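Me: I am new to this structure and would like to learn how to read its salt bridges. Could you walk me through them?

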Amino acid sequence: MKEIMLPPKAMFLLTTKSRYKILYGGRGSAKTFSIALSLIFLSLQKKVRILCSRQIQASIADSVYKTLCDAIELIGVQAFFKKTENSIKAANGSEFIFKGIKNNVSEIKSLQGINLSLIHI
């Protein structure tokens with residue numbers, strides 16, 4: 001595993017305990033990638049189910065799936081993750097689930113055991 005540093009403004013994602021965490025910044029300020037790295041670190045520490053959603057998501061290509069895959073490769077932990085058509089699963093049982101909010105409201109309401117949620121706007 002490579003040593004990767006989050007930008008200072010994003011360190012609170014891993015160090016602060018809070019019900020809601022919001023990362024602000026302009027275009028190209030590494031918000032999505034910082035969140036992806038943080039979620040990868042958290043998913044390796046303990047078993048969690050993470051819902052990754054956006055308002056409209058016609059396919060997984062419209063999600064943060066690629067960003068999470070890039071983060072996994074950047075830190076060199078590919079051996080701990082299995083990428084499927086609609087999820088990413090870690091060896092310890094952690095799972096990333098991808099859903100669009102607008103067309104899947106009832107599906108999202110019925111999801112069980114979600115520990116963390118990433119809403120990408």
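**Reading the salt bridges**

Reply: Helices (H or I, at least four residues) and strands (E, at least two) are DSSP runs, numbered from the N terminus. This is a predicted model, in which local features need pLDDT of at least 70 and side-chain atom pairs count only at pLDDT 80 or more, while totals for chains, interfaces and linings use all residues. Residues are numbered from 1 along each chain as its sequence is written, and side-chain values use heavy atoms, leaving out hydrogens and water.

Me: What is a salt bridge, and how many does a search of the whole structure find?

Reply: The term means a side-chain nitrogen of Lys or Arg within 4 Å of a carboxyl oxygen of Asp or Glu. The search finds three. In one of them, Asp70 pairs with Lys66, with the closest N and O atoms 2.7 Å apart.

Me: Which strands hold Arg49 and Glu95?

Reply: These two side chains form a salt bridge at 3.3 Å, N to O. Arg49 belongs to strand E1 (residues 49-54) and Glu95 to strand E4 (residues 95-100), so the pair links distant parts of the chain, 46 residues apart.

Me: Is Glu95 buried or exposed?

Reply: Buried means under 20% relative accessible area, exposed over 50%, and partly exposed in between (1.4 Å probe, protein chains only). Glu95, at 18%, counts as buried, whereas Arg49, at 23%, is partly exposed.
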